Amino acid sequence: MILNPINIKDSDFFDYTIIGGGIVGISLALSLGESKKKVLLIESGNLDNTNQDRGPYDGKIYGDNYYPLDLCRQRTFGGGYNCWSGRLRTFDNWDFNNNYSNWPINYNEFDKYKQKALDFFVSNKDYSNIKDDLEPEFENNNNFKFHYYTHSDTYWDDHYKTISESKNIFLILNHSLVGIRTDGKKINNIEISSSQLNKIKIKSKKYILACGGIENSRILLYNNFLNNKTLVRNEKLIGKYWMEHPECYSGQIILFNGISKYQKYVDTNGWLAFSMTDNYKRQKNLTNNSARININRYPQENLKEKIRLLICENDYLKNFVEKRKHNFFCFEDLKITMETVPDINNRIELSSKETDLFGIPKSILYWKMNEADHENHKNYLLEFAKFLIDNDLGRLKIKSFVLDYRNHEIFNENYKNLSKWKETFEAEDLENGISYGYHHIGGTRCGKNNMEGIVDENLKVFDQENLYIVGSSVFPSAGFTNPTLPAVQLSLRLSEHLKEKYV
C-alpha cells in the first residue's frame, strides 16, 4: 500500500519500520509482511531512476582513485538493483572460515536462506541450471576450481506491484531519515523529511536500517553525535573496515582445447570463472579471488589479430604459438575480482564542511588497497599461471604493472590524496589500472561483541534493543562474489529471527 506520510498520526504505531527501499529492504519487507504485522518501508527516492537527486549521496574520496560517490549510488526505489549486472552467487564456506574474518555465524546457518533469496531474483523459480563449484581431478595440479554465476531476470517493478497491493506493507516514497531518537537503550522514534523539509515522526516497535554500504555508516555517525554517543557506545568502530571489490584486466590468456570439456561452466553471459580451492588458499595465505574469461567477448575473426599483437613482443611466444596454433580454444583478457583484507584505515567519516539539503554532513571515504592486497593479486595470478601450465590448459601473460606494483602509481597513492577519477572512464583508461564493482561493503560490520562489531549475530545494534542493520555494510569480510544475494540471505535470516521472537 502506498502511504501518504501527511496522513500519519502521532498515535500510529508500526511493528517494523525499514529505512531504505533497495532490494535488501524490499526483500525484508516482503518477508516480514507474511507475518500479518504492520510493516513500513521508507524510500528516500522516487520510482524514476533516471531523474534522481543524488545530492545527499555526494562526498569526497581520499586514497586510491574511486568513482564519485554520487554516481555510484542510486537514490530511487530498488536502489542499485535497478542498474546492477544481475550476477548471482552466494558466499563460499571459506568466507566464514579464514584467519581474517570474524563472522559470528557459520556457513550452514547462512546458506539455508539461499533458496528463498533466489526467489526474489529468478522469476520462473527454475534452479536446475545452478551449478555447484567443480573441483576437477587433474594429474598435476588441483589447486583451482570452476565456479558458476546465475543471473537475475526480475526487476524492481515486479516487487513494487506486490508491495503496492499489500495490506500489511506500507510504502512511503521521497522521504529521507533525518533523525533517530534513543533513550540510551532503545529507539523511541525516528524523523523523516521530504525535500521540502516537511518533517514527520515515525513510531515503531523495531527499526531496521537498509540504506546501503555508505549511508548506513553516515546515519550512525551523525545520529550518534545527536544522541551524545548513546546510540553506539563504541563509536570508534562506526564506518571502519570499509571494503570494495577491485577489478582488473590483469593479463592475457590463451586457453587450449582441453578446456572445452568444462564448457558447461560457461555462464549465460559467456564467462568461465576460476577460484582457488580452500586448502590451497590456506596454504598460500591468500584471500578469495576470482579469475574470469569471457570466451564470447570478441568475434572469432579477432582471434588472429589478438594473437599477432601478443607474439610480436617476444620470440619465445612466437615459437610457442607456432607449435600450438591448432590447439587454441580461445584467446582473451583475464579479469580478476579481488577480495581485499579488512583494514581499519579504510573507513567512512563525516565532512566537517559540507552538508546535504537536510543539514546532515556529507560522507568522506578513505579507501586504499594496501600492500597485502597487491601482493595477493600478484601471487594469485602466479599460482593460476602455474595451474594452467601444469595441466596444459593454457598460458597466461601477466601484465607488468601487476608484477611490479611497488613502482606503479596505484601503489604509491596515500590517504591524503583526493581521488581524481574521471566521470567518463573508458575501457582503455584501465589498460594498466584498477576499477571496482560498485560494491560497498563494511562500515557497520557484525561481530561477536561490541569490540568487534556494530551489530550482533542477529544484526541488532549492540547498544539498542530495537535497532537493526541489513545490507552489505554488516559483512566483516567481502569474499569475491557480488554482495546482493548474500545481503538478501541475511535479510531473510533476520526476518525469520524477528518473526520467531516477536510474533
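User: Which helices each supply at least two residues of the lining of the second largest pocket?
Analyst: Those are α2 (107-111) and α3 (114-118). Helices here are DSSP runs of H or I with at least four residues, strands are runs of E with at least two, and both are numbered from the N terminus. A pocket is found on a 1 Å grid over the protein atoms alone, as an open set of points with protein on both sides within 12 Å along at least five of seven lines; a cavity is a set where a 1.4 Å probe fits but cannot get out, and lining residues have an atom within 4 Å of a point.

User: Before we go on, what sort of model is this?
Analyst: It's a predicted model: local features need pLDDT of at least 70, side-chain atom pairs count only at pLDDT 80 or more, and totals for chains, interfaces and linings use all residues. Residues are numbered from 1 along each chain as its sequence is written, and side-chain values use heavy atoms, with hydrogens and water left out.

User: Thanks! Back to that second largest pocket: how much space lies in it?
Analyst: About 340 Å³. The volume is the space filled by probe spheres set on the grid points, which are joined across faces, edges and corners.

User: And which residues lie nearest its centre?
Analyst: Arg89, Thr90, Lys114, Asp132 and Asp133, out of 21 lining residues. By class, the lining of this second largest pocket has 10 charged, 8 nonpolar and 3 polar residues. Ala, Val, Leu, Ile, Met, Phe, Trp, Tyr, Cys and Pro count as nonpolar, Asp, Glu, Lys and Arg as charged, and the others, Gly among them, as polar.

User: Staying with helix α2, is Phe110 buried or exposed?
Analyst: Phe110, which sits in α2, is buried, with a relative accessible area of 0%. Buried means under 20% relative accessible area, exposed over 50%, and partly exposed in between (1.4 Å probe, protein chains only).

User: What is Phe110 in contact with?
Analyst: Setting aside neighbours within four places in sequence, Phe110 is in contact with Thr90, Phe91, Phe96, Ile105, Pro486, Gln489 and Leu490; contact means heavy atoms within 4.5 Å.

User: Switching topic, what about cavities? How many of 30 Å³ or more are there?
Analyst: The count comes to 3. The largest cavity has a volume of about 60 Å³, and His374, His377, Phe401, Val402, Tyr405, His408, Ile410, Phe411 and Ile434 line it. The elements giving two or more residues to that lining are α9 (371-390), α10 (400-403) and α11 (409-412).

User: Now the strands. What does β11 pair with?
Analyst: Strand β1 (residues 14-19) runs parallel to β11, joined by 5 bridges, and β11 also pairs in the parallel sense with β22 (residues 467-469) over 3 bridges. Two strands pair if DSSP finds at least two bridges between them. Ile208 of β11 stands opposite Ile18 and also opposite Tyr468 in β22.

User: How many residues of β11 are buried?
Analyst: In β11 (residues 204-209), 5 of the 6 residues are buried. Across the protein, buried residues make up 61% of the 503 residues.
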